[in-house]
Amino acid sequence: MDKLILGRYIPGDSVIYRLDPRAKLLGMFAFVLMIFWANNFMTNIVILLVTGLLLLLSGLPIKVYWDGLKPMWFLIFFTISFQLFTLNSGEVLFQFGWLTVTDTGLTQAGIIFVRFLAIVLWSTVLTLTTMPLTLARAIESLLKPLNLFHFPVQEVGLMLSMSLRFIPTLMDDTVKVMNAQRARGVDFGEGNLVQKAKSFIPILIPLFASSFKRADALATAMEARGYQVGLPRTSYRKLQWHFRDTLSLLLLVCLALALFFLKN
């Protein structure tokens, strides 16, 4: 749980750090849409190369991403296995009892693996290189046109900023509670599935209690600072769009064109 890096911010200085958070968000959404064009070997190689280049440009050690992916390997393996053994169309490559692996299933499992890995890594780079409050400001800025439809943009931005801010805190609290329960003799790995699920109940109750206390303290602090719903707010950090942000989006357009012409 303490190895989960999604939602955490690591201070640094690189090309990715210096990009406007709005450019990062738009690039992330565009990439998630483009990745579904990768439906053959060549397009998936392009996706992996671009993802690897992004990790290098972030300036963070590859070990950081590797450690962050460790808690998610089971989910990745389960997703790939489900895709691999449920598709029975195509030429049979391997069969053992009811388990059948075909060339179509193997291809689709590889494509799902690349998509899963790329989306997780891109979203991780976004959160690692962007401060939570700045990221929330970027979301609020991109949603400003919805003010014409009386959409509560500022409230949504505030909720997102608080959510992003307290995800790492909640993870740290979970680790502390689990260590405290282990010190009292609780074994979270013993027994069957039902017993393992019941062993997590002593974790949930302290987590809910600490979360409610933190929420109450946050509400008191906001009232003390004069926060009122609907009133305009100022920001210490101003978002500034530069040429490098435009260039990054143009490079993503080139990537989209390459994937479009290379896909089946």
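This is a predicted model: local features need pLDDT of at least 70, side-chain atom pairs count only at pLDDT 80 or more; totals for chains, interfaces and linings use all residues.
1. W37, V253, L257, F260 and F261 make a nonpolar surface patch of about 530 Å². V253 sits in helix α11, residues 243-262. V253 counts as partly exposed because its relative accessibility is 45%, and that class runs between 20% and 50%.

2. The largest nonpolar core has 36 residues. F31, M34, I47, Y65 and L255 have the most contacts inside this core. At least two core residues come from each of α1 (15-18), α2 (21-34), α3, α4, α6, α7 (132-142) and α11. Helix α6 gives the most, with ten residues.

3. Look at L255 next. Leaving aside residues up to four places away in sequence, L255 touches F31, M34, V46 and V50. F31 and M34 are also among the residues with the most contacts inside the core.

4. Helix α4 spans residues 62-69. Which of its residues are buried? They are Y65, D67, G68 and L69. Their cover includes α3 (41-58), α5 (73-86) and α6 (103-128).

5. Finish on helix α6, where T124 is placed. Is T124 buried or exposed? T124 counts as buried, because its relative accessibility is 5% and the cut-off for buried is under 20%. A polar atom of the T124 side chain lies 2.6 Å from the backbone oxygen of V120. Residues three or four places apart on an α-helix point the same way, because there are 3.6 residues a turn.

Definitions and conventions
Residues are numbered from 1 along each chain as its sequence is written. Side-chain values use heavy atoms; hydrogens and water are left out. Buried means under 20% relative accessible area, exposed over 50%, partly exposed in between (1.4 Å probe, protein chains only). Helices (H or I, at least four residues) and strands (E, at least two) are DSSP runs, numbered from the N terminus. Contact means heavy atoms within 4.5 Å. A polar contact is a pair of N or O atoms within 3.5 Å; within protein, one must be able to donate a hydrogen and the other to accept it, and residues adjacent in sequence count only if both atoms are side-chain atoms. Patches are made of residues with over 30% relative accessible area and no salt bridge: like charges are joined within 9 Å, nonpolar side chains (Val, Leu, Ile, Met, Phe, Trp, Tyr) within 5 Å. Accessible areas come from the Shrake-Rupley method with a 1.4 Å probe; for residues, only the protein chains shown count as cover. A salt bridge is a side-chain nitrogen of Lys or Arg within 4 Å of a carboxyl oxygen of Asp or Glu. A nonpolar core is a set of buried Ala, Val, Leu, Ile, Met, Phe, Trp, Tyr and Cys residues joined through side-chain atoms within 4.5 Å.
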